[in-house]
Amino acid sequence: MKRTHDLIVIGAGSAGLTAAGGCAQFGLRVALIEKGPMGGDCLNTGCVPSKALITAARRAQEMRENAKYGIADVEPAIDFGAVHDHVQAAIARIAVDDSQERFEEEFGVEVIRGTAKMIDGSTVEVNGRTLTAPRICLAIGSKPFIPPVEGIETVPYLTNETIFDLAERPSHLAIMGGGPIGMEMAQALRRLGSQVTVIQRGRVMDKDDPEAAAIVVERFRAEGVAIREHTNAVKVGAAGGGIRIETDTGDPVEASHLLVATGRTCDFTGFGLENAGIEWSPRGIAVDDRRRTSNRKVYAIGDCRVGPRFTHASGYEGSLVVLQVALGLPSKADYKALPWVTYSDPELGHVGMTEEQARAKYGDKVAITRQGFDDNDRARAENDAHGFLKIIRKGKKILGATVVGPHAGELLLPWSLAIGGKANAFAIGGAIVPYPTRSDISKQAGFAVWEPTIFGKTAKHWAQFRAKYLL
């Protein structure tokens with residue numbers, strides 16, 4: 001059969017948009033198939049609405065905490081309906097960039113709205129049409145994982161896909177799950193006036209550095225978020241117009257609303273992946289370093305494949321597909337400098353290895369350089385010096401970095417470059433940094449890595465020799 005396109009992309013989230021737009025800019029004939037809203041999870045039910053909600057919540061909390069600056073504390077009057085409108089407006093402002101019109105008019109992509117089904121490794125059916133291409137790219141995402149708790153299907157629970165539709169504030173929000181989504185929503189809704197209880201079967205933020213996570217959890221509890229760690233929900237049911245959650249500790253939680261934030265899963269039933277010999281499980285589609293599936297003609301990128309589920313990872317993988325399909329460059333995914341951030345207050349960000357991961361691999365060869373914000377003049381001037389920067393290294397080689405504090409995510413870039421070999425601690429420590437800024441903490445940490453060498457015995461002897469004989 002004659003090809004209709006050079007590339008078929010299924011899914012118009014961050015991964016699919018990057019792959020489709022990039023290949024089209026090289027002059028390839030690209031079909032982009034999407035059955036739902038353009039922009040995928042990040043734009044519509046993830047990154048964008050959550051950060052808009054978090055911003056509104058932060059503004060409210062700032063009004064409650066002004067006395068330390070000589071300004072009277074005020075309990076804010078919160079119009080939750082207006083907050084909802086703000087969130088939806090944020091989505092609308094960014095949706096222009098991901099719109100069908102833009103990809104058709106600016107990039108020349110053929111955007112098809114419908115449900116795709118693979119017939120084989122080079123053929124896709126959609127809306128009664130048969131499309132063929134030598135390469136297919138799957139960017140079909142994931143969905144919320146709903147744990148098999150007794151009775152959970154009998155109550156109207158929320159997920160990240162529905163919580164941003166709320167136009168009325170929950171009086172009491174119970175959250176199952178203490179990962180990034182659950183914790184971000186816990187603090188935001190608490191700051192907007194809801195009572196909030198988090199139920200987590202282990203430690204909340206269990207993938208994060210424990211020392212850094214403890215600072216975040218302390219703030220949550222101080223703001224009134226109830227956190228029940230090492231607690232399992234065993235039964236859910238309706239009670240008094242709300243929801244009752246039975247736990248294995250014998251201490252039930254009664255709430256008006258339930259948010260399920262227990263991770264992600266995959267279900268590709270109906271996509272016809274088996275027709276193309278593509279292997280998948282609830283964890284996602286199996287891929288190699290080049291993001292190729294068990295059918296080498298088909299790529300899988302973003303949340304649908306086994307691997308890290310972040311918008312920036314999805315966009316990165318979309319660019320790898322562009323390099324391979326458009327230019328023939330066999331580009332492999334490299335995640336040794338992968339950053340991730342929990343947008344709590346304070347923020348908690350990582351790039352590369354955590355201390356725990358590094359010690360598991362290198363043992364006693366791992367060294368830690370720790371720089372606190374209590375030594376950062378901008379943080380002290382702002383009267384917000386909680387938190388720290390932790391550099392994880394092996395000798396002078398940077399393996400990872402953890403930051404906890406305001407704008408932590410903004411401070412990861414130099415360490416991402418260092419881990420990737422495009423910079424080093426010496427260069428970071430010697431950079432000219434505007435004063436006073438929080439970014440100076442990276443300069444301080446970079447200098448601290450090299451300080452023992454700079455002021456070591458050899459350097460001291462040379463300086464003393466110069467003073468005695470050459471000056």
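Predicted model: local features only at pLDDT ≥ 70, side-chain atom pairs only at ≥ 80, totals over all residues.

Mentor: Leaving aside neighbours within four places in sequence, Gly-284 is in contact with Cys-266, Phe-268, Cys-304, Arg-305, Val-306 and Arg-309. Gly-284 is found in strand β18, residues 284-285.

Trainee: Does Gly-284 count as buried or exposed, and why?

Mentor: Residues under 20% relative accessible area are called buried. Gly-284 has 2% relative accessibility, so it counts as buried. Also, Gly-284 and Thr-265 are 19 residues apart in sequence, with their C-alpha atoms 7.3 Å apart in space.

Trainee: Let's turn to a helix. How many of the 12 residues of α1 are buried?

Mentor: In α1, 9 of the 12 residues are buried, so the rest of the structure largely encloses this helix. Those buried are Ala-15, Gly-16, Leu-17, Ala-19, Ala-20, Gly-21, Gly-22, Cys-23 and Ala-24. They pack against β1 (7-10), β2 (30-34), α5 (100-105), β7 (135-138) and α8 (311-327).

Trainee: Now for pairs of helices. At what angle do the axes of α1 and α8 cross?

Mentor: Two packed helices are described by the angle between their axes and the distance between the axes. Here the axes of α1 and α8 cross at roughly 30 degrees and come within 7 Å. The two helices are therefore roughly parallel to each other, and α1 passes α8 in a right-handed crossing. On the α1 side the contact is made by Ser-14, Ala-15, Thr-18, Ala-19, Gly-22 and Cys-23, while the α8 residues include Gly-315, Gly-318 and Val-322. The residues of this contact divide into 7 nonpolar, 8 polar and no charged.

Trainee: How are α3 and α6 oriented to each other?

Mentor: The axes of helix α3 (residues 47-64) and helix α6 (residues 180-191) come within 8 Å and cross at roughly 45 degrees. α3 and α6 are therefore oblique to each other, and α3 passes α6 in a left-handed crossing.

Trainee: Which residues of α6 does α3 meet?

Mentor: Glu-184, Met-185, Ala-188, Leu-189 and Arg-191 in α6 are met by α3 residues including Leu-53, Ile-54, Ala-57 and Arg-64. The residues of the contact of α3 with α6 divide into 7 nonpolar, 2 polar and 5 charged.

Terms used:
Residues numbered from 1 in each chain as written. Heavy atoms only, no water. Axes fitted to C-alpha atoms, helices over the stretch in contact; angles between N-to-C directions. Helix = DSSP H or I, 4+ residues; strand = E, 2+ residues; numbered from the N terminus. Parallel < 35°, antiparallel > 145°, perpendicular 65-115°, else oblique. Left-handed = near helix turned anticlockwise from the far one by under 90°. Contact = heavy atoms within 4.5 Å. Nonpolar A, V, L, I, M, F, W, Y, C, P; charged D, E, K, R; others polar. Buried < 20%, exposed > 50% of the residue type's maximum accessible area, 1.4 Å probe, protein only.
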